[in-house]
Amino acid sequence: MYMDFHTHGKLAKYLPFSTEYTDWLLNEAKEAGLDAICLTEHFNTQQFDTLYGYIADRGDKEGDAYVIDGLKVFPGMETDIAEGGHVLSIGPMEAIRELNRRLTPYKSKNAFLPAEELFRLFDQYPVLVGAGHPFREGGHIPELSPELLARFDFLDLNGKDVAVDQDRTEHLTFGLGQRLNKPVVAGSDTHQAVQYGCISTVLERDCTTFDEIFSQVRAGAYRIEVAQQAAFQVQTASLLKRALKEIHALGGDYVSILTAKTVV
């Protein structure tokens, strides 16, 4: 099962939710060869609950997944911490949505929870917690106390960082995983479709629950694949994202432009 553990359902936090854009993303994920994604939208994005409600309504529930046109969508969230850095949480839809509601007072930059308090909140829910792109500039996850680092369930080998410097990212991320005895899984971190498939986690068996996924992950029954064109995909995705945001800023409809059928 080809899976992406770190994806987004919107182009940017401050942009309004669009069913058309999200549908385009999900279709392109499937076209890129993915069987499943974790939707780890930023916890402080506009209309977080609307997006996840749409996924719940649109998908056919199978285990923890919501199957949309053959693609399994597993719920998750990406949360900023006061120390600097991003923490991934993945788990049942109701848990992710309730966690997001409880995080409402902490969604501005000056109000982010410290990691210890965030872990304390996560402990109340059946979620798995990951260190998002732990070695990206500006983040300080590796500097957390050993006690806090031990509470992560997995580390994120991030497609954006691999595209910039694969050797460094793999050396540091796998090194931290070995030191903590924590598995490393891969996510593209895409906000739009060009980036899908730049990196994938390939599980030996098909799964519909987080228990099934992580029984394989903990047993090492998976591999990580990095596309030969990963750097090109990430660079192109960055340019496209910038252009689409500029279209929106100028009052244009970036969704209709992006999803319009090309007539030859």
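The buried residues of helix H1 are covered by elements that include strand S2 (36–42), H2, S4, S5 and helix H10 (254–259), where contact denotes heavy atoms within 4.5 Å. The structure is a predicted model, in which local features need pLDDT of at least 70, side-chain atom pairs count only at pLDDT 80 or more, and totals for chains, interfaces and linings use all residues. Residues are numbered from 1 along each chain as its sequence is written, and side-chain values use heavy atoms, with hydrogens and water left out. Helices (H or I, at least four residues) and strands (E, at least two) are DSSP runs, numbered from the N terminus.

Helix H1 spans residues 19–31 and has 13 residues. From the first C-alpha to the last, H1 reaches 18 Å, close to the expected 18 Å at 1.5 Å a residue; the expected span is 1.5 Å times one less than the number of residues. Tyr-21, Thr-22, Trp-24, Leu-25, Leu-26 and Ala-29 are the buried residues of H1. Here buried means under 20% relative accessible area, exposed over 50%, and partly exposed in between (1.4 Å probe, protein chains only). Gly-33, with a positive phi near 100°, follows H1.

Ten salt bridges were counted, each defined as a side-chain nitrogen of Lys or Arg within 4 Å of a carboxyl oxygen of Asp or Glu. In one of them, Arg-58 pairs with Asp-69, with the closest N and O atoms 3.3 Å apart. This pair links distant parts of the chain, eleven residues apart: Arg-58 belongs to helix H2 (residues 48–58), whereas Asp-69 lies in the loop between strand S4 (65–68) and strand S5 (71–80). Arg-58 is partly exposed at 31% relative accessibility, and Asp-69 is exposed at 63%.

A further salt bridge joins the side chains of Arg-136 and Asp-189 (3.2 Å, N to O). Arg-136 is located in the loop between strand S7 (128–132) and helix H5 (146–149), and Asp-189 in the loop between strand S9 (184–187) and strand S10 (199–203), so the pair ties together parts that are 53 residues apart in sequence. With a relative accessible area of 24%, Arg-136 is partly exposed, whereas Asp-189 is buried at 2%.

Glu-225 and Arg-223 also form a salt bridge, their closest N and O atoms being 2.7 Å apart. Glu-225 is partly exposed, at 28% relative accessible area, and Arg-223 is likewise partly exposed, at 44%. Through salt bridges that share partners, Asp-23, Arg-58 and Asp-69 are joined into one network.
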